[in-house]
Amino acid sequence: MSVCSKFMSVLVVLFAAVFCVAKENYQVVLLGDLHYDSEDIRLNTDNLKPYQKREMQRNFAAWEKNIPVLLKAAADYANKNDVLFSIQCGDITQGDEGKYEFAATSFKRVLKHVNQDQTKPVYIVRGNHDCRGKGKLKACADVLWEYMKKQDVVFPQPQESQTCYKIVGKDLFIFFDAMRVNLQTIESALQAKPDARHIFFVTHIPVMPCVFAPSGIAWICGGKTYGEKLRSLLAKHNVIVLAAHTHVTSYFDWKMPEGSIKQFVSFSIVKDPALVPQSVNYSGTEYFQMFEKKFYPTLKGKNLLDLQDFLKDFTGKLDHCTKYQAVAGFNVLRIDGDKVFVDIYSGKLDKAVFTRQIK
């Protein structure tokens, strides 16, 4: 072997060593709902329902300034730090565009927005709004799914589900298609890294309850058909769930019979950067007492039955939780060996307003 070849071999070994160290300690940027929306890709807005019109106006206002500023801040952080990639946890678009061409344009535009300042990859799972409206499902498959197929991820069953995974050093990231629940894809991903140190389960719809009002009790993945099986499977592997959907930044630590599920929810629709962020902590007992005292006497019919089922299914399984009020921005998942933290960026987005140790 020549001196040059030996030198190159040493460089390869050194690079591999540095790469492994980077995988021992690294960061990932988290983005929640973005709901991209624009007046010029909307059809028949006069026919929208009142709640859809309210959502549309909210989106227009947020995208006029606040969300572009947020995306630039998140990209700057990723580019300047040891961030391996960013994750957007679904509802990247609003939906309701009215026809396929507008829906496809919406995906194309928002992907450009999200990536334009990034030098690191951005991975995305689809949310319910990414499937909402005429032509939206096809546009999601043609644009968003095609985008993800070009990323460094593995699809266990590409004909059945958009669920995919990525092995990062000792850890496993599963990007779950919550719009088409398929437990086999999760099992395949888990088998790909059976000795994973940390398992991060990225989904738009939360796996565990994480709401502070009865209207959102049913906002959990899998419903009656797959929900219990899904939670049991994930608890056995003590996963960390990274979700969105509820429009409230929160953290819940659940202790299930099979193991633990720790769930962090991100929210990125910045309405007013001047709002003062706050955190409210509950023990598991306090959380369920709050539900019973505040809502039980006022609910009727199906809402009351939903609350009764909720209390029956989950009371006693929650260790503690935190609601982050007036918090919208980006978050940083920070892996430090066997420990996992989330730094929460809101307001001016120049520093973390809260840090949560998850593991």
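**Stop 1: colour by pLDDT.** The chain averages a pLDDT of 91, with 94% of its residues at 70 or more. Now select residues 1-22, where pLDDT stays under 50. For that stretch the model has two contacts beyond four places in sequence. Where pLDDT is low, the predicted coordinates should not be read in detail. Hide residues 1-22 if they get in your way, and carry on.

**Stop 2: helix 3.** Select residues 66-80, the 15 residues of helix 3. From first C-alpha to last, helix 3 reaches 21 Å, close to the 21 Å expected at 1.5 Å a residue. Which residues of helix 3 are buried? Show side chains for Asn 66, Ile 67, Leu 70, Leu 71, Ala 73, Ala 74, Ala 75, Tyr 77 and Ala 78, and you have them. An α-helix has 3.6 residues a turn, so residues three or four places apart point the same way. With that in mind, look down the helix axis.

**Stop 3: two loop residues with positive phi.** Go to the loop between strand 1 and helix 2 and pick Asn 44. Its phi is near 55 degrees, a positive value in a residue other than glycine. Then move to the loop between strand 2 and helix 4, where you will find Asp 91. Asp 91 is not a glycine either, yet has a positive phi of about 55 degrees. Is Asp 91 buried or exposed? Asp 91 counts as buried, because its relative accessibility is 1%, against a cut-off of under 20%.

**Stop 4: the cavity.** To see the lining, select Ile 124, Val 125, Arg 126, Leu 144, Trp 145, Met 148, Phe 155, Gln 162, Cys 164, Phe 175, Phe 176 and Asp 177. Helix 5 (residues 136-149) gives the largest share of this lining, three residues. Colour the lining by class and you get nine nonpolar, one polar and two charged residues.

**Stop 5: the largest pocket.** Switch to a surface view for this one. The largest pocket has a volume of about 520 Å³. Centre on Ile 220, Lys 224, Arg 231, Asp 313 and Phe 314, which lie nearest its centre among 18 lining residues. Helix 7 (223-236) and helix 9 (301-314) are the elements that give two or more residues to this lining. Helix 9 has the largest share, with six. By class, the lining splits into nine charged, seven nonpolar and two polar residues.

**Stop 6: the second largest pocket.** How many residues line this pocket? There are 27, and His 247, Val 248, Phe 267, Ile 269 and Lys 271 are the closest to its centre. The volume here is about 450 Å³. The lining of the second largest pocket has eleven nonpolar, ten polar and six charged residues.

Note on methods: Residues are numbered from 1 along each chain as its sequence is written. This is a predicted model: local features need pLDDT of at least 70, side-chain atom pairs count only at pLDDT 80 or more; totals for chains, interfaces and linings use all residues. Side-chain values use heavy atoms; hydrogens and water are left out. On a 1 Å grid over the protein atoms alone, a cavity is a set of points where a 1.4 Å probe fits but cannot get out, and a pocket is an open set with protein on both sides within 12 Å along at least five of seven lines; lining residues have an atom within 4 Å of a point. Grid points are joined across faces, edges and corners, and a volume is the space filled by probe spheres set on the points. Helices (H or I, at least four residues) and strands (E, at least two) are DSSP runs, numbered from the N terminus. Ala, Val, Leu, Ile, Met, Phe, Trp, Tyr, Cys and Pro count as nonpolar, Asp, Glu, Lys and Arg as charged, and the others, Gly among them, as polar. pLDDT is the predictor's confidence in each residue, from 0 to 100. Contact means heavy atoms within 4.5 Å. The expected span of a helix is 1.5 Å times one less than its number of residues. Buried means under 20% relative accessible area, exposed over 50%, partly exposed in between (1.4 Å probe, protein chains only).
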